[in-house]
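Hi there,

Here is the structure I promised to pass on. Have a look at it first, and then read on for what turned up.

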Amino acid sequence: MSKGTKVPGYMQGKGSRNPRGIIGDREIRYKCSLQNTILDVLRGRPGWQEVPGQNNIQPNVNQANPKQAGSGSTTQGTTSGYKGSFQSIPPITRNSDGDWDFYWCDREWLAQNYDTMFLYEHQKILHFRNHYELTRKNLMVKNLKRLKKQTERELGKAEGQSFEFFPTTYELPSEYHIFVEEFKKNPGIIWIMKPAARAQGRGIFLFRRLKDITDWKKGEYQPLSDPNREVPETYVVQRYIENPYLIGGRKFDVRVYVLVVSYNPLKVWLYRSGFARFSNTRFSLDSIEDTYVHLTNVAIQKNAPDYDPDKGCKWSTQQLRKYLSAKHGVEAVKKAFKGIDNIIIKSLQSVQKIIINDKHCFEMYGYDVLFDSDLKPWLIEINASPSLTASGKEDYDLKFGLLNDLLNVLDLENRLTGKEKRVGGWDLLWEDGPILADDGNMECAPNGTTASIPNSFLGCHNERKRQLRELYTAAQSIKKS
């Protein structure tokens, strides 16, 4: 096929083929722009071959400080276990020759190259073109508010209550005056300021007085009289959840992994394992300026004077679910976790018609969810590039299995039937509608009942290796027959 007949990936027809041949009877060639667990997974995957050249790896600016990564030995510039060392790697250069099958790229590379690159039928690449519609804090809330209003208009106010999972939020500076009116209606409550496009807790602070933010950005929320004046950074201001659920007196949130392989139709997978991130200091509203009390980000907590890097501040989602079930009962916890399912689906539906759906793209989101004292889940934010740098062996094992199973779901090797509801630790949650479970999970389904229960097992037992062996054996038998 001549270069003149190529079209952009998102316009690609089914008839196109890579001159190198269809995957299935050859190795799978991959590129990776990060140097952490995902590179370990790719390099350890049988039948996968790294595309040679200097355009494969660059340090991930969204991950932990390289100095925190340890000094373990490296192989081909990647990590050894979870103690990887960062090296000085040349940045990615543009390469649209299509000589790869799978590319775990970073967001910056995609933004610079997506509109000008050509994708063949079988190629897969991380991130949808405008993923930020869901992962920028201001756009996420804007899209949720729009879908909520549409739902109330079409189905009534009662149905709109299913969107009551994000705090009262305003965008600054554009909604500053609306925020001031709301602020004056509720004197004395605590608000939290967050930069719309930053990560790892940077730039976040709490306040009780309007004076605290007028002094902070004095004059920047007034009309811009000087055309040469720099436009202020976009922030969101949210009503702070003052009654978080506490364990051992400490606040925590839950990291939930969600895989979207298509927006049209919407097809969503939910990973069984995740973790709860705890603050390093006991919770108190008396010291709202103390980030170690109120922010659970590992990037913040690891700088606490008494932080233990070996112990960390994490529980597995399985540990958390067991603890909550023992304290509040299985049914109460099922209701709480069902609320997380609702958060995931509603948030994805809010951008379903906006995201540029490309069959070559997929997205692994990191949802951050907070429980309040009534076990109600609240959506804090959604990350397009959740950290894949491990903080310890358990964290490394979790992320290694997570990423390996993600590649199993994408199935570039064509080993599955395409009708699976579970692949390793990933459960199919939604495919143009809710998915119901086929078989029970004694830990999460009381009395082993499976009647009309959703195919959602967050925090349940995750015996992924055995499940994969049985899955591939069954798939191979079906294909032979």
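The charged end of Lys314 sits over the ring of Phe275, 4.1 Å from the ring centre. By the rule used here, that takes NZ of Lys or CZ of Arg within 6 Å of the ring centre and within 35 degrees of the ring normal. Lys376 does likewise with Trp378, lying over the ring face at 4.1 Å from the centre.

Before you go further: this is a predicted model, in which local features need pLDDT of at least 70 and side-chain atom pairs count only at pLDDT 80 or more, while totals for chains, interfaces and linings use all residues. Residues are numbered from 1 along each chain as its sequence is written, and side-chain values use heavy atoms, with hydrogens and water left out.

On to strand E14 (residues 361–371). Strands (E, at least two residues) and helices (H or I, at least four) are DSSP runs, numbered from the N terminus. How many of the residues of E14 are buried? The count is 11 of the 11, so the strand is largely enclosed by the rest of the structure. Buried here means under 20% relative accessible area, exposed means over 50%, and partly exposed is in between (1.4 Å probe, protein chains only). In a regular strand, side chains alternate between the two faces of the sheet. In E14, Cys361, Glu363, Tyr365, Tyr367, Val369 and Phe371 point one way, and Phe362, Met364, Gly366, Asp368 and Leu370 point the other way.

Which strands pair with E14? Pairing needs at least two bridges found by DSSP. Here are the partners:

- Strand E4 (residues 124–126) runs parallel to E14, with two bridges; Leu126 has Phe362 as its bridge partner.
- E10 runs antiparallel to E14, with seven bridges, and Val256 stands opposite Tyr367.
- Strand E15 (residues 377–383) is also antiparallel to E14, with six bridges; in E15, Ile382 is the bridge partner of Tyr367.

The hairpin of E14 and E15 has five residues between the strands, and Leu375 there takes a positive phi near 65°.

Next, the charges. Side chains of opposite charge can pair when their charged atoms come close. A search of the whole structure finds 22 salt bridges, each a side-chain nitrogen of Lys or Arg within 4 Å of a carboxyl oxygen of Asp or Glu. One of them joins Asp99 to Arg29, with the closest N and O atoms 3.0 Å apart. Asp99 is in the loop between strand E2 (48–50) and strand E3 (102–104) and Arg29 is in strand E1 (residues 28–32), so this pair ties together parts that are 70 residues apart in sequence. Asp99 is partly exposed at 24% relative accessibility, whereas Arg29 is buried at 10%.

Asp253 and Arg277 also meet in a salt bridge, at 2.9 Å from N to O. Asp253 belongs to strand E10 (residues 250–263) and Arg277 to strand E12 (residues 275–278), so parts that are 24 residues apart in sequence are tied together. Both Asp253 and Arg277 are buried. Arg255 bridges to Asp368, with the closest N and O atoms 2.7 Å apart. That pair links E10 with E14, 113 residues apart, and Arg255 and Asp368 are buried too. Asp253, Arg255, Arg277 and Asp368 are linked in a network of salt bridges.

What about disulfides? The count is zero, with a disulfide taken as a pair of cysteine sulfur atoms within 2.5 Å. For Cys361, the nearest cysteine sulfur is that of Cys105, 8.3 Å away.

Now the rings. The search gives 25 aromatic pairs: rings of Phe, Tyr and Trp (its six-membered ring) with centres within 6.5 Å, called stacked with planes under 30 degrees apart, edge-to-face over 60 and tilted for the rest. Phe252 and Phe278 form a tilted pair, 5.1 Å centre to centre with 35° between the planes. Phe252 in strand E10 and Phe278 in strand E12 are 26 residues apart. Phe252 is buried at 0%, and Phe278 is buried at 3%. Trp315 and Tyr323 have ring centres 5.5 Å apart and planes at 65°, so that pair is edge-to-face. Tyr170, Phe179, Phe183, Trp191, Phe205 and Phe207 form one aromatic cluster.

Cheers
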